[in-house]
Amino acid sequence: FQRSLALAPKDVLTLNAAGLCLMRLQQFDQAAAAFGQAIAIDPANAQSHFRKGRALASAGKTDDAEAALKQAALLDPANGETLSSLASIAIGRGDLKAARSYSEQALGLKRGTLEGPAAAWLEVLHPLDRDRFRATLDSVLEQRRGRIAQDFRLRTPDGHYLWFSLRARPVVGSDGEVVRLVGTLADVTEF
């Protein structure tokens, strides 16, 4: 890439490719710098902002990562990967309200859907994961105890699927019936 960059130092594609290679080599600061150079050339390139955010997050620089990812989300508000990455950062900060909001946006769900019944978001569950999830959910609801520990795919508005990990348990009301499930839903998609 050094030769390519020497021949075309203002080429956004080459800078992004170099950044991706540096990410693979776990040289996150250098990758973020390459993506930053691409952004300096083309500030409206949402993909460069997204990649810079991922590099910074991998380097442990969450505040800077969040800023880059928010810029990517402004440029491409429907990008599920960007919103999902923002949700992961929010979870790391302990801001579950923001994490839920970003996750709902990433999945194209109405605000508050993830707080409601699971049936409200079953439509975005991958068809091959639905029966397994329903069986687990039915078992927990029927027995009024137990835990759900399951990974599954959820569809984003653009038709791509992201992997999520659900860890939850039932809350039983005074009448002995399950009133709701509490737990975490975290994006575990590998990029």
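The model is a predicted one. Glutamine 26 sits in the loop that joins α2 (12-24) to α3 (28-41). Its phi is positive, at about 60°, although the residue is not a glycine. Most residues other than glycine have a negative phi.

Arginine 144 is a further non-glycine residue with a positive phi, again of about 60°. Its place is in the loop between α8 and β1. With a relative accessibility of 37%, arginine 144 counts as partly exposed.

## The sheet

Three strands make up an open sheet, in the order β1-β2-β3 and with antiparallel pairing. β1 (148-155) and β3 (178-187) each have a single partner strand and stand at the edges, so one side of each lacks a neighbour in the sheet. From one strand to the next, the twist averages 35°.

Eight bridges connect β1 with strand β2 (residues 161-172) in the antiparallel sense. Arginine 153 has tryptophan 163 in β2 as its bridge partner, and glutamine 150 stands opposite leucine 166 of β2.

β1 and β2 form a hairpin, with five residues lying between the two strands. The turn contains glycine 159, whose phi is positive at about 95°.

## Helix α8 against the sheet

Which strands does helix α8 lie across? The helix, residues 127-143, lies across β1, β2 and β3. Relative to β1, α8 runs at about 145°. The loop between α8 and β1 is the one that holds arginine 144.

## The aromatic pair

How many aromatic pairs does the structure hold? There is one. The ring centres of phenylalanine 133 and phenylalanine 152 are 5.4 Å apart and the ring planes meet at 70°, so the pair is edge-to-face; planes over 60 degrees apart fall in that class.

The pair links distant parts of the chain, with 19 residues separating its members. Phenylalanine 133 belongs to helix α8 and phenylalanine 152 to strand β1. Are these two residues buried or exposed? Both phenylalanine 133 and phenylalanine 152 are buried.

Methods. Residues numbered from 1 in each chain as written. Predicted model: local features only at pLDDT ≥ 70, side-chain atom pairs only at ≥ 80, totals over all residues. Heavy atoms only, no water. Pairing = 2+ DSSP bridges. Helix = DSSP H or I, 4+ residues; strand = E, 2+ residues; numbered from the N terminus. Axes fitted to C-alpha atoms, helices over the stretch in contact; angles between N-to-C directions. Contact = heavy atoms within 4.5 Å. Phe/Tyr/Trp six-rings, centres within 6.5 Å; stacked < 30°, edge-to-face > 60°. Buried < 20%, exposed > 50% of the residue type's maximum accessible area, 1.4 Å probe, protein only.
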